[in-house]
Amino acid sequence: MPSDSPFLGLGLYLMEEVLLTQRVYSSTRTLFKNLLAMELNHMLHCSTTITLNILRMTMEDGSTVESYFTAYADVCFREFGHHVKFWTTINEANVFTIGGYNDGITPPGRCSSPGRNCTWGNSSTEPYIVGHNLLFAHSSVSRLYKQKYKETQGGSVGFSLFALGFTSATDDDIAIQRAKDFYLGWMLGPLIYGDYPEEMKNSVGSRLPVFSKEESEQVKGSSDFIGIIHYLAASVTNIELKRSLSGNPDFYSDMGVSMTYLGNFSAFEYAVAPWAMESVLEYMKQSYGNPPIYILENGTPMKQDLQLQQKDTPRIEYLHAYIDAVLNAVRNGSDTRGYFVWSFMDLYELVKGYEFSFGLYSVNFSDPNRKRSPKLSAHWYSAFLKGNTRFLGSQGIMQLQQNNFSSSASS
């Protein structure tokens with residue numbers, strides 16, 4: 001939709017993830033400028049975001065990381081800011097921290113929880129220290145942009161979270177609220193109110209860093225929007241844990257709930273649970289002041305099989321259900337301003353590599369030329385963005401399938 005649409009921006013989320021390096025070479029700057037210009041000139045309804053991603057966090061000295069990160073962001077704003085209007089400083093800040101410093105399954109692979117194959121780390125303290133430092137790094141970059149670039153470039157600086165929708169088979173409202181506090185409130189509390197949720201402070205105790213008055217004011221209100229990455233729903237149950245006996249507290253024991261993903265998570269089969277999307281948006285409206293929200297990623301994976309992928313009806317059904325949930329949330333007052341599908345084309349996924357894919361376009365990775373082909377979902381999403389409602393519903397999907405693949409099958 002046009003940028004002045006009163007309803008919602010819809011499009012494809014193209015994320016250029018720039019890794020932190022000591023120098024940004026001239027050729028790299030030229031590459032990104034050309035790429036951004038191409039996207040803006042040729043891609044309909046496209047918002048471009050460069051994600052500044054810290055892969056290694058200095059545990060002992062957050063101020064050093066903050067200064068490096070801010071200097072790096074300064075280069076990006078200066079070189080690309082006339083093209084890029086929406087910046088996300090930290091991508092999936094909560095699960096980046098949990099995966100890298102509690103579970104040890106993503107870089108830098110630090111943990112101390114029993115049964116995990118880590119050679120260093122402390123799962124009882126490091127996730128909270130790193131999360132604290134991420135908030136400072138973000139707020140420093142946000143302050144830089146407002147002071148130096150906002151007036152001339154007119155962009156926005158946001159912060160993104162991986163958001164789960166929570167339910168409970170036993171109607172355990174306490175467990176649901178604790179899960180929300182730890183997964184969402186952990187970062188949203190400081191960004192909106194200047195401090196962590198009381199439940200987290202009570203549970204984690206002295207292991208949770210404390211904001212000074214000045215630090216609280218620095219972080220509070222530093223995000224122009226909240227980016228939401230949403231795929232999954234989970235069922236939670238409250239657990240009673242005597243932490244003095246556990247000996248190895250970590251993020252999960254501090255949270256005090258057991259969590260089961262809906263669907264077959266190990267097989268990368270996500271449940272179609274649009275209520276989860278709607279509940280996340282409603283919760284942020286009710287509990288965190290209804291901040292501007294952009295849904296930066298939403299989609300579902302399928303097995304990497306070219307023939308199957310061409311007719312990815314389950315993906316269409318998933319997207320249709322979740323876009324409908326976003327519409328419901330907006331009609332109920334959520335300040336959700338954009339929705340972006342993950343992803344434009346198949347790519348290497350962090351957890352499953354090339355085994356599963358999210359793309360609207362398939363990529364033949366065995367072809368040296370990496371041939372791209374639109375899947376049925378690409379045709380459906382294109383028609384949807386153009387306002388064509390003929391292909392909504394099961395009958396419409398069947399018609400779309402016949403229109404786009406009957407001729408190719410006969411040729």
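How many bridges join S4 to strand S6, and in which sense do the two strands run? Five bridges join them, and they run parallel. The views below look at this and other parts of the chain. This is a predicted model, in which local features need pLDDT of at least 70, side-chain atom pairs count only at pLDDT 80 or more, and totals for chains, interfaces and linings use all residues. Residues are numbered from 1 along each chain as its sequence is written, and side-chain values use heavy atoms, with hydrogens and water left out.

**View 1. The whole chain has 15 helices and 16 strands.** Helices (H or I, at least four residues) and strands (E, at least two) are DSSP runs, numbered from the N terminus. Of the chain's 411 residues, 52% count as buried. Here, buried means under 20% relative accessible area, exposed means over 50%, and partly exposed lies in between (1.4 Å probe, protein chains only). A contact means heavy atoms within 4.5 Å. Among contacts between residues at least 6 apart in sequence, 71% join residues at least 24 apart.

**View 2. Strand S4 (residues 156-162) is mostly covered.** Seven of its seven residues are buried. In a regular strand the side chains alternate between the two faces of the sheet. In S4, Ser 156, Gly 158, Ser 160 and Phe 162 point one way, while Val 157, Phe 159 and Leu 161 point the other way. Two strands pair if DSSP finds at least two bridges between them. Strand S3 (residues 86-88) pairs with S4 in the parallel sense over three bridges, and Phe 86 has Ser 156 as its bridge partner. Towards S6 (residues 225-229), Ser 160 stands opposite Gly 227.

**View 3. Strands S5, S7 and S8 form an open sheet, in the order S5-S7-S8 and with mixed pairing.** The edge strands are S5 and S8, each of which pairs on one side only. Neighbouring strands of this sheet are turned by 35° against each other on average, direction ignored. Helix H6 (residues 173-193) packs on the sheet and touches S5, S7 and S8, with its direction at about 120° to that of S7. Axes are lines fitted to C-alpha atoms, for helices over the stretch in contact, and angles run from 0 to 180 degrees between N-to-C directions. S5 (residues 165-167) and S7 (residues 233-238) run parallel and are joined by three bridges; Phe 166 has Ala 234 as its bridge partner in S7. S7 and S8 (residues 257-261) run antiparallel, with five bridges, and Val 236 stands opposite Met 259. Helix H11 (residues 274-287) lies across S5 and S7, running at about 105° to S5.

**View 4. Helices H3 (residues 93-103) and H4 (residues 126-148) cross at roughly 145°.** Their axes come within 9 Å. On the H3 side, the contact is made by Ala 93, Phe 96, Thr 97, Tyr 101 and Asn 102. On the H4 side, the residues are Glu 126, Pro 127, Val 130, Gly 131 and Leu 134. The loop between H3 and H4 holds Pro 108, and the peptide bond from Pro 107 to Pro 108 is cis, with omega near 5°.

**View 5. Phe 77 is among the residues with the most contacts inside the largest nonpolar core.** This core has 96 residues, and Tyr 231 and Tyr 339 are also named for their contacts inside it. A nonpolar core is a set of buried Ala, Val, Leu, Ile, Met, Phe, Trp, Tyr and Cys residues joined through side-chain atoms within 4.5 Å. Not counting residues up to four places away in sequence, Phe 77 touches residues including Trp 87, Val 141, Leu 144 and Tyr 145.

View 6. Most residues other than glycine have a negative phi, and most peptide bonds are trans. Asn 290 has a positive phi of about 55°; this residue lies in the loop between H11 and strand S11 (293-297). With a relative accessible area of 22%, Asn 290 is partly exposed. Arg 370, with phi near 50°, is found in the loop between strand S15 (361-363) and strand S16 (372-374). Arg 370 counts as partly exposed because its relative accessibility is 36%. The peptide bond from Trp 342 to Ser 343 is cis, with omega near 5°.
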